[in-house]
Amino acid sequence: MIESSQSSGIKTKRFTWENTKQFFRDYGWCYAFILIPLILFVLFTVYPLVMAFIYSFQRYSVLGSEWIGLDNYKSLMNSSVFWTAMKNTLIYTAATVPVNILITLFLALMIFPLNNKSQTFFKAAFYLPGVTSGITMSLIWLWIFDPTGAGLLNAIFNLFGLDSVMWLANPDTALFSLILMTYLGAHGAGILLYLAAMGGIPKSLYEAADIDHAGWWSKLKNITWPLLKPTTLYLLVMGIISSFQVFEQAYVMTMGGPNLATTTIAYLIYDHAFQSFDFGLAAAESFVLGFIIIVISVIQFKFMSTDIEY
Amino acid sequence: MKKFNLFVFLLTFILILTACNGNEGDQTGAGTDSEGNADEDVVTVWTYPHYEGNEETGQQSYEEDLKDLIAEFEAENPGVKVKHEILSWAEGGKKFTAALNSGNPPDVFFSLFDEKYVNTGLAVPLTDYVTEEDLADLNDFGEQMYTYEDQLWGFPHYISVHTWGGNRAMLEEAGVDVEKIQQEGWTWDEFYEIAKKGTKTVEGKEVYGFVTQGQNEETYTQLMMQNGVRNMVSEDGEFMFKGDKALETLSFLERLRNDGIMPKETGGIDPAKADVMFNNGQAMIYGRTGPYKIRENENRNADIDAGKVDGEKIDFVLLPLPHNDGEKENAFGGAGGLMLFKQKDDKGEAHTENAAKLLLKLTSTESGKLGATLFIPPSRQSGQEMYKEELKLDTPNGQFVQRYITTLTPGAKLPEAIVQNAGKLKTESVIPNYQSFIIGNATAEETVKAWEDYAKTLGFK
Amino acid sequence: MSEVRFVQVSKEFEDNNKGKFMAVKNADFTIRDKEFMVFVGPSGCGKTTSLRMIAGLERQTSGDIYIGDRIVNKAHPKDRDIAMVFQDYALYPHMTIRENMSFGLKNLKRPKSEIDEKVTEAARILSLETLLDRKPRELSGGQRQRVAVGRAIVRNPKVFLFDEPLSNLDAKLRVQMRIELSELHKRLGATIVYVTHDQVEAMTLGTRIVVMNQGEIQQIDTPEELYKNPKNMFVAGFIGSPPMNFVKGRLEGNTIQTAEHVFFVPEHMLSTYKAYQGKEVTLGIRPEDILNLEQLTVQPAHNIIEPVIKVVEHLGSEFLVYFSIGEETIVAKFNADYPVKAFTKQQLYVNMDKMTLFDPETQFRIS
Ligand SMILES: Nc1ncnc2c1ncn2[C@@H]1O[C@H](COP(=O)(O)OP(=O)(O)O)[C@@H](O)[C@H]1O
Ligand SMILES: [Mg+2]
């Protein structure tokens, strides 16, 4: 009773100059704090975005760009390389994101029941590779993928009497090799998120499930997995967004080759901007990529979002 | 792997572009210097850490040598201040590209010649600033490399030349007269026979007659030059990697690979790996390399003596690329030097003149040290004289370099209209299809056909 | 037969702060078939632990537990044929009410028709029919509580375990649910083990009650017996609202001498207390056994006191009156028809026929 009368009291509070002044006296600080990031956001995100959009309709030149309408968009739609890059990016995304989420979940499930000390150890062990420099990591991977018997993978293959594979040099295996790198790569951040989410599931749910005759698989499938859905969705969206932008692997390991097998959209954008100086085309490609990412993200949130409350 | 966020990168880049566009109306500032003294002209130079210092030998790093030259320059030119920046080899190119395309390049920048720079309209020809003596002193090839549309766009520090290299002990075991090849060259067939002799299994380990990188089309391109085809695309827009010449060259490589003279994994071998294989004694001949390898090899041998490195010492010899019967040797090389730029917001004639003076100071005879230290021929005759000790001009290798750089010819300088498509042709067809070819996924015929078809779609003859 | 039997069951916890710690000590009892057994005691006394040991969610450190004729010491919860309603209900938040209730049967791979039938039946009993397709968060506290009960009854287990199921509800709803649970017990004819810290709940629901304190069982009896014949001061002080008053005194002949008063013990009781003649005793008087003199039609000869009333608390039909005897604060419960005022002297009658005497040392009732 008391509560409802209070809340209606606020609603009926009249909007007056005095109130407004009081409001800003009370909350003005907050706006001052929001203002700084807002300005930075407009300056460093909105403004360049708008300008990039304009460039995508131009043949860019530093001393005077030329307006060419939709030519950049047309030429990328007609470019077989663009579609190859699109296909590569889609394959890469489809093959990395779901599998990596499952790997991450599996690792988190293995770590979760451990005591605090061991948990900390494994969290660190899985997180640290993520902060190692990309160059160091790529050197290791180049050794692993070495096409001769000197490489780790081929040494293992040869041990079992299999022929060496030219992992990164063969168009049939190059993209797969980059995908493989992600499977064995850093799952640390995802593991931390999953562990945190698992810790947030009340223990009593599992006890209730125990009493409800649920075995470990039923508990995983019917309790853990659905309750981790927000985390999974987050990892899925972030994973797809970042894998649509995959660049560094293709740049460091294969330069987009062989035979364009690892040319991703982001690599193509880089190539067009920084190798060909074709900034208009690169901007157009960026917008196509950005558009696809936004569409996919919206679809995911629309169809998969849940609001779980314990 | 650390995430390299391309989006952020592009956005930042575009931000730089746009931020500079925002200055357009502000032309009144032109000519005056925004920082420091109003009557002081600040000239900027961006270059790379060409060589490191060495405490044991007392050798200064490039940056220290550069500072010395700058100090001299500032003393000679009161009122001019020089700001220098040493870029990283990995990121410097991108940084310059962004700066250039946003209209704000440094006045002087270390770079190989690139038509795209000229096409931005911000490169400034040196023609009006060089003296007769400078030009007379400059190696012809070096001059040609920076000449485009009858203007000189930069002044080289050095002439770099690509060679192959060999293991003298192995070559002599195969009965080869190394000095004769160094002085007279060799044909593809002669090379094939020698390399074949060098291909064997020693204590269970494969030794190849020849090892080269197969990640891109470089080896093929350089062999095409030894088969009478200098350029992928000619200046009048003809695609040259076609027909019998192309087929012949690819077939030569195919034969080397199929006969096991060259590893069948060549497609997966990068330059670093080829170098390692050579050092490990897994290759008699490898390429490409260059004169710089002489210095590297000396250091390696010294390290082995000192027990710092495991391995066999190697007596390294430079070798020319073999040429097809009836064709001439044609070394591939380039010139590394400084190019002159102005800004979109032009700082005026006096400023450009100061920048040009600085450029010439930094590429003067003394700067031959840059080449000499790296064991690359300096671009000035006077520089070669000054550093002939360091360059070992009296050894067979040194004499070979002297001879070999005379076979250098500059590549085609493509007109603006076809530069971009030539780049596309290379990255979207020549390299990708070559990659398929070298690992054995496509035949020589199929590869040439694929190139020709793609060239046609891009409008090449 | 669904009886539950504890034989010398103890539970020891390894606690980071307290070290080894006995949560339940030598519990020994039998819960009979179809009985509504309530465990009551202050927070932390080991009620939940006892319940969880029945469920198999906690393994006893020593002793044997029987469900029916079977020793279940090592049996997994699912093999004990029990159902449990948790204090926080533990409803699966992502499942609908229907899914929540059918989860157990699904795990048992029962045919769909049977599941539907059972869920519908349970929903009908608990008036949940219209809520079956909602998620738990769309339900009120009372509805959630019913779902938790529904989830328990669909499986038709031998024993139901309830852990403070009403503690999250408001007072009014609590009274209503109490009645519903009582009815449900009759209707299902099942054995129910019910944990609460609220003695009123215990008294109204339990067929029998187990009173626990600090891991030890104090008394197991029907509500009436607990009220009339508490075994010790703890039970006496815990059961009844407000709790029994205690006054220290000495038994002299047929009187109890306290600091300020002399109370006369009824003749027929004296033989019981023979052993305590001349010794210290603690006199226990329930608040309802102290009466306003005005209420009485016959003036009694003894056991009248005239304290100054300190506080008067109105509870509607009755009110509580606080005053002091020596250092003890005493509370009396009066009928509202005879109001008294604070800060006045009031003549009160202590009905010694209903008194209880305790040994102040052992705290046991003298009997
Ligand atoms: N898992 C546990 N580890 C350590 N101590 C526990 C654990 N569970 C309960 N206890 C302790 O055992 C005692 C009894 O707890 P519990 O049975 O939950 O009491 P309650 O009667 O309030 O339900 C408490 O002191 C509690 O702190
Ligand atoms: Mg409890």
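This is a predicted model: local features need pLDDT of at least 70, side-chain atom pairs count only at pLDDT 80 or more; totals for chains, interfaces and linings use all residues.
**Stop 1: where chain A meets chain C**

Begin by selecting chains A and C together. Here 19 residues of chain A are in contact with 25 residues of chain C. The two chains bury about 2,000 Å² between them, with 61% of that on carbon and sulfur atoms.

**Stop 2: a salt bridge**

The interface of chain A and chain C has two salt bridges by the rule used, and eleven residue pairs are found in polar contact across it, both at pLDDT 80 or more.

**Stop 3: the helices on the chain A side**

Next, select residues 203–211 of chain A, which are helix 10, and residues 216–227, which are helix 11; each supplies at least two residues of the side that touches chain C. Helix 10 gives the most, with seven residues. Colour that side of chain A by residue type and you will have ten nonpolar, four polar and five charged residues.

**Stop 4: a sheet in chain C**

Finally, move to chain C, where five strands form an open antiparallel sheet in the order 13-12-11-14-21. Its edges are strand 13 (262–264) and strand 21 (356–358), each pairing on one side only. On average, neighbouring strands of this sheet are turned by 40° against each other, direction ignored. Select residues 280–285 of chain C for strand 14, which pairs with strand 21 in the antiparallel sense over three bridges. Look there for C:L283, which stands opposite C:L357 of strand 21.

Note on methods
Residues are numbered from 1 along each chain as its sequence is written. Chains are lettered from A and ligands numbered from 1 in the order in which they are written. Side-chain values use heavy atoms; hydrogens and water are left out. Contact means heavy atoms within 4.5 Å. Buried area is the accessible area (1.4 Å probe) that two parts lose on being put together, summed over both. A salt bridge is a side-chain nitrogen of Lys or Arg within 4 Å of a carboxyl oxygen of Asp or Glu. A polar contact is a pair of N or O atoms within 3.5 Å; within protein, one must be able to donate a hydrogen and the other to accept it, and residues adjacent in sequence count only if both atoms are side-chain atoms. Helices (H or I, at least four residues) and strands (E, at least two) are DSSP runs, numbered from the N terminus. Ala, Val, Leu, Ile, Met, Phe, Trp, Tyr, Cys and Pro count as nonpolar, Asp, Glu, Lys and Arg as charged, and the others, Gly among them, as polar. Two strands pair if DSSP finds at least two bridges between them. Axes are lines fitted to C-alpha atoms, for helices over the stretch in contact, and angles run from 0 to 180 degrees between N-to-C directions.
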